[in-house]
Amino acid sequence: MRVPKKHATGRMSDSDKLHRFIFDHCDIRGEITTLEHSYQQVLQTANYPEPVQQLLGQFLAAVSLLSATLKFDGVITLQARGDGPLSLIVADCTRHHNLRALAEFDPEFSFSSGQALSELIGNGQLAITIDPSKGERYQGIVPLEQPYLASCLEDYFKQSEQLPTRIWLSADKQRSGGLFLQALPQQNASEEHNTEQWQHLTQLAETITTDEQLHLDHQQQLFRLFHQDNVRLLDSSDLQFACSCSEQRTLNMLVNLEKAELLSILEEQGRIEVNCHFCNQLYRFGAADIDHLLSGESPTLH
């Protein structure tokens, strides 16, 4: 396995990429991801405390890994919501690998490093939602019984897909990374061999460090862990920050408000402003836009 070099700029060659990999002699698959520029763009949308930044990085890495399961056009969303100082954290990724994320937190709370997700969320739950562009929406709910995101996701796979799955997530101020291993239904090897290899490979993966996940390229990480186990790196996908908001979508959301409320805001402020919390894009709508909206006509957007 070739060990790649870093670019001259210092940016990792595998930053904002998702790779799949397999093992030639057993029924186990894997994914590995590193986020940098896309992660930084999320952090620039709000003044997040450092522990929240790191959780956002973990959520982004996790939803990137989960997006590899999308076989159709749609969005997969990972969301934790509760009554703690971190009341909401959500990340989503499209079939085209567009990422975005946000968090809502108590600005008066004193966040400190090392706080677990379950501690910050409080009484809450973790939801995984698959929303296809065509077809029915699916949502799986997992109670936050484990302290960390990776363990909660492993519980989800155990309950929903009943496939042994392990996940390792890391994040700092600059990058986030994720590693995913999953045992597949028996096909290429005996059940006994697959079981032995699962135990062996997960024990090796347990030795990965945060520093290695955030500073080694994907081939370097896999070589470090599995160089004696016939691991084969497959195709990669580019990941990027992109928000799905638009002027038309934002205007359509206003339909859910009462007519009297819309007219009251227009009278007081002269226009209606809506800010997208994912990307900070500000949309402004005047009286003509709202008149068209209330009449059911398509407004002329600028």
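Select R137 and show what surrounds it: setting aside neighbours within four places in sequence, R137 is in contact (heavy atoms within 4.5 Å) with T129, I130, D131 and P132. This is a predicted model, in which local features need pLDDT of at least 70 and side-chain atom pairs count only at pLDDT 80 or more, while totals for chains, interfaces and linings use all residues. Residues are numbered from 1 along each chain as its sequence is written, and side-chain values use heavy atoms, with hydrogens and water left out.

Stay on R137 and colour by secondary structure. R137 sits in the loop between β6 (124-132) and β7 (138-143); helices (H or I, at least four residues) and strands (E, at least two) are DSSP runs, numbered from the N terminus.

Next, select the strands. The order β7-β6-β3-β4-β5-β11 makes an open sheet of 6 strands with mixed pairing; two strands pair if DSSP finds at least two bridges between them. β7 and β11 (240-241) stand at the edges with a single partner strand each, so one side of each has no neighbour in the sheet.

Zoom in on β11. Strand β5 (residues 98-105) pairs with β11 in the parallel sense over 2 bridges, and L99 has F241 of β11 as its bridge partner.

Finally, bring in the helices. Helix α2 (residues 50-67) lies across β3 (74-82), β4 (86-94), β5 and β6, at about 35° to β4. Angles run from 0 to 180 degrees between N-to-C directions, and axes are lines fitted to C-alpha atoms, for helices over the stretch in contact. Helix α4 (residues 149-160) packs on the sheet too, touching β3, β6 and β7, and its direction makes about 120° with that of β7.
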